[in-house]
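Here is a short briefing to read alongside the model on your screen. Take a look at the sequence and the fold before you start.

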Amino acid sequence: MHPLNTKMMQYNHQEIEKKWQKFWAENQTFKASNSSHLPKYYVLDMFPYPSGAGLHVGHPLGYIASDIYARYKRHKGFNVLHPQGYDSFGLPAEQYAIQTGQHPSKTTEENIKTYRRQLDKIGFSFDWDREVQTSNPEYYKWTQWIFIQLFNSWYNKNTDKAEDISTLITIFENEGNVNVNAVCDTETPEFSCEDWKQFSEKEQQQILLKYRLSYLSDTEVNWCPVLGTVLANDEIVNGVSERGGYPVIRKKMTQWSMRISAYAQRLLDGLSTIDWPQPLKDSQANWIGRSQGAMVEFKIQNSEFKIQVFTTRPDTIFGVSFMTLAPEHQLVLQITTPEQKVAVEAYIESTAKRSERDRMADIKTISGVFTGAFAEHPFTKKPIPIWIGDYVLAGYGTGAVMAVPCGDQRDYDFAKHFGIEIPNIFENEDISEAAHADKEGTVIANSDFLSGLSYKKALQKAIEALEEKGYGYGKINYRLRDAVFSRQRYWGEPFPVYYKDGMPQMIDKNHLPIVLPEVEKYLPTEDGKPPLGNAEVWAWDTKKSSVVSNLLIDNETIFPLELNTMPGWAGSSWYFNRYMDAKNANEFASKEALNYWKEVDLYIGGSEHATGHLLYARFWQKFLFDKGFVPVDEFAKKLINQGMILGESAFVFKATTFVKNGCDIDKSNDHVIEKIPTVFVSRNLFTSDNEFETVVKEYLLDKKLLNPNFVDLVLITKTPLHSDVSLVNSSNELDIEGFKNWRTEFKDSIFITEEDGTFKASREVEKMSKSKYNVVNPDEICEEYGADALRLFEMFLGPLEQTKPWKTSGISGVYSFLKKLWKLFYKEDLLLISDENPTSEEFKTLHKIIKKATEDIENFSFNTSVASFMIAVNELTALQCNKRLILEPLLILISPYAPHIAEELWRQLGHQNSISTAEFPIFEEKYLIESTKNYPISFNGKMRFTLELSLDLSLSEIEKAVLNHEKTMAQLQGKLPKKVIIVPGKIVNIVE
RNA sequence: GCUGAAGUGGUGGAAUUGGUAGACACGCUGGACUUAAAAUCCAGUGAGCAGUAAUGUUCGUGCGGGUUCAAGUCCCGCCUUCAGUACCA
């Protein structure tokens, strides 16, 4: 043994962590290179929106997990890309600007500084050279560029990919649009090549907009009047805005949209190629909502009109006994007979008045009106009454259904309610109580050429017949709608678009970025234009190719610019590609960088982005892939959703006193209450509300604060109040003085304490939030216990994906683990390390932990690997092991989790390089080979005792040894066992 | 309603292919050290019953069944909680 360092040393996390954070920054330890002979690995976190509140301990959970994995992969010899940045456009900074006039960029910059300071304290191995900020013009230049690419593309269903708009124009010029198989607006007129050539330029542009992947159209949008902006469907929760909870109404507006519907099938198919959590895939599949069926055309009797219907059950076409249209359906007013007109109009008016919320709230009420019109059944030619009803939604399918009451419960209920015929077209099925919606095992009856067929066969045959007779065709329908891409906000990416003769024109990519203009006010203008309408310098000079004053607009060479900005998801839909080459000024990323890094190997973030960010990002990636800009069409191979960390709120119980209602107390007796001070009662002094009241009254009587004559006139109830969690310790004791100083209105309150003089608060687990005073700041944890302890503890809380409560008191466990680890190296403040060969027991402990740590990290089971580190350190402490050959590999195993202490001890052992460059230890089976097994001996499956036996024994030798054992004989009491089960190396079970 | 996830000590959780349920921690109890506290260390800690004790024994993974030598784990039927989604034809 020799002391390497005689300096007095105790585990001092503050000193160590500062030292190594500085070292990593100065030495650029985690800088990733774009050219390396090593295999690549790309670990990504969902970048944060830098909010003013800063980070709480719930935020870094995913970052810690990804950082551990990134560090592990470096040890395993990978060239690891582990970047971080900020999704820095967003509503809060804008709302702050509206309130205070402070420019959102300033707020954002300040918040980013706070975030960075907090993140730096936790010791992440980010490559900050690649930082991106979506609100930075150098970044959004490329967001604008992608928008232009989308504008200049159409979706060719024949090649099943996006193509340049010029190929479409060529087709139009040569043969018109009759043979074009494209994803486009439903009401696109047919035209020939001659027609095309005769269209004016504006007419041609209007046609092309119906094909472009980003397009301008009049769409019904979700308008939020309070926020003054349009919201996407996923920004609305329960009918109100996700941010702020303001009401949302439907409104028609001219808006930019993204033709994501073109990618519906590929977005669905792609799910099977990526390793994402099944619930998340399910919710994307649900959102895309593919359903296979047929379009059927119904002629309306005595009229030119036809009704298109989408159905997933064309096999039940002979069961149709009525049709239902959405009240908003275009044809309703045109087909309604004069006798029904009044009733129909009244119904339409009443449904229009009902909000979405109302309609959702009462789905039980059946309502509808007969239009008086009849359609004709395509096969039987029988008349079918046409109704309207609000259970049919205008926004899905064609807004019309063919009702088959025997096979669909809603149709069934509607038919029952209005006394419409319910023909049964299923063999041996009872429909007297409810519809028969099962498909499997069902045989169709009373259906002409479909009778006797199973569901599957009937489906196929029905579609064939429809197509043959021209009554319809097989069709796949998707729930996924095109995404509205305009926002009436200031703090977002401006569009690279100006308007000439009312038609949008793209600004050439050489002139990007188009930078957000300065405005006086961040609110919409008085005449209802978006905030950019306040800008005075917001016009495009096509001659000078620059943004100029609005006063110069002449609509000849100088034109007005787009006033909307892009939505929050624009910048986050491609940022993972930018990290690959974050500083490139000429391309969004170089071909070399894209081909080297390809895609994200591991992506960690919250599941709340399932149908927003994660769907849009997949869409853009597929588009960029089609256009040859990126090498893969899915941007993230594996995704993990980290769970939420909940806060542990603390409550104190305040007594609220008032005079009982309705009793004949003289007004002058108000002093009865006035004299009574505010009282708080310790948690363990009562178990019920009655007891609470008694405790308070007894106390007040005892202290002469309540006149005994008034006792029965006074009512006392308990009110729980949130206390700041930092004022309550792990034994739930409240710091009374601290509480009084925190809530000065209670500084003269009385606290009824337990017998031992303590005041107990009660606890409840809730979401971490400022308003619940249960936010735990990671800075404070780093200060007191250190980043290594924070990292270990966040992992130790439980499985990564799971929601779990935070309890600061638990951190002492991992903190003392770190101190124990330190003590393996230091004895009496001296570093004592032996170079002797370890014993077989020491090797066994080491290789057990190598095996476990490797398996756990590969399975993202970080909580169990922390537990096994504790076991290893406990064992080595018991063995008094200080052998270099054991402790060095142990440090490497622990270093992804607790990098600062590992670096420090690694340096103390004499290494000059960062431990992050050390090779991960390799597990060797030979150290774990056992010669004996402590067999559990069970009787009828119940373990009674254990018996140490050699693993070399044969089955019969084991049986003999077990049966001859005195405890076995005692258990059997002379009886012969019925059966003896021996699983070698595992268990012995004796059946009595 | 539908889809998904989950129910294990006082608490967070462990048990990777059916094989000793409760690892590892927190908390609690007792002890050592200390004038004291903190820190540290040691011991105990699922519940019940019997025993001075060592120990023995019964019950125990949301509930009810089943398969198996053996079930937290597999099957059937329920209950509860959480999350997402919603009249999708």
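What follows covers a sheet, a pocket and a cavity, aromatic pairs and some backbone details.

This is a predicted model, so to speak of local features pLDDT of at least 70 is needed, side-chain atom pairs count only at pLDDT 80 or more, and totals for chains, interfaces and linings use all residues. Residues are numbered from 1 along each chain as its sequence is written, chains are lettered from A and ligands numbered from 1 in the order in which they are written, and side-chain values use heavy atoms, with hydrogens and water left out.

**The sheet and its helix**

- Four strands form an open sheet in the order β3-β2-β24-β25, with parallel pairing; strands (E, at least two residues) and helices (H or I, at least four) are DSSP runs numbered from the N terminus, and two strands pair if DSSP finds at least two bridges between them.
- At the edges are β3 (79–81) and β25 (636–641), each of which pairs on one side only.
- On average, neighbouring strands of this sheet are turned by 20 degrees against each other, direction ignored; axes are lines fitted to C-alpha atoms, for helices over the stretch in contact, and angles run from 0 to 180 degrees between N-to-C directions.
- Helix α2 (residues 60–75) packs on the sheet and touches β2, β3 and β24, where contact means heavy atoms within 4.5 Å.
- The direction of α2 makes about 170 degrees with that of β2.
- Strands β2 (residues 40–45) and β24 (residues 600–605) run parallel and are joined by three bridges, and D45 stands opposite I604 in β24.

**The second largest pocket**

- The second largest pocket holds about 330 Å³ of space; a volume is the space filled by probe spheres set on grid points, which are joined across faces, edges and corners.
- On a 1 Å grid over the protein atoms alone, a pocket is an open set of points with protein on both sides within 12 Å along at least five of seven lines, a cavity is a set where a 1.4 Å probe fits but cannot get out, and lining residues have an atom within 4 Å of a point.
- Its lining has 16 residues, and W24, A25, R116, F126 and W128 lie nearest the centre.
- Helices α1 (13–27) and α4 (104–120) each supply at least two residues of this lining.
- By class, the lining has seven nonpolar, four polar and five charged residues; Ala, Val, Leu, Ile, Met, Phe, Trp, Tyr, Cys and Pro count as nonpolar, Asp, Glu, Lys and Arg as charged, and the others, Gly among them, as polar.

**The cavity**

- The structure holds one cavity of 30 Å³ or more, and the space in the largest cavity is about 30 Å³.
- Residues lining the largest cavity include L61, E794, M795, F860 and N863.
- Two or more lining residues come from each of α24 (787–796) and α27 (862–878).
- This lining divides into six nonpolar, two polar and two charged residues.

**Aromatic pairs**

- There are 74 aromatic pairs in the structure; rings of Phe, Tyr and Trp (its six-membered ring) pair if their centres lie within 6.5 Å, and planes under 30 degrees apart count as stacked, over 60 as edge-to-face and the rest as tilted.
- Y155 and Y263 form an edge-to-face pair because their ring planes are at 75 degrees, with the centres 4.9 Å apart.
- This pair links distant parts of the chain, 108 residues apart: Y155 is in strand β4 (residues 153–156), and Y263 is in the loop between β10 (249–258) and α9 (264–270).

**Backbone details**

- L512 and P513 are joined by a cis peptide bond with omega about 0 degrees, and P513 lies in the loop between β20 (503–506) and β21 (539–541).
- K704 is not a glycine, yet has a positive phi of about 60 degrees; K704 is in the loop between α21 (689–702) and β28 (714–723).
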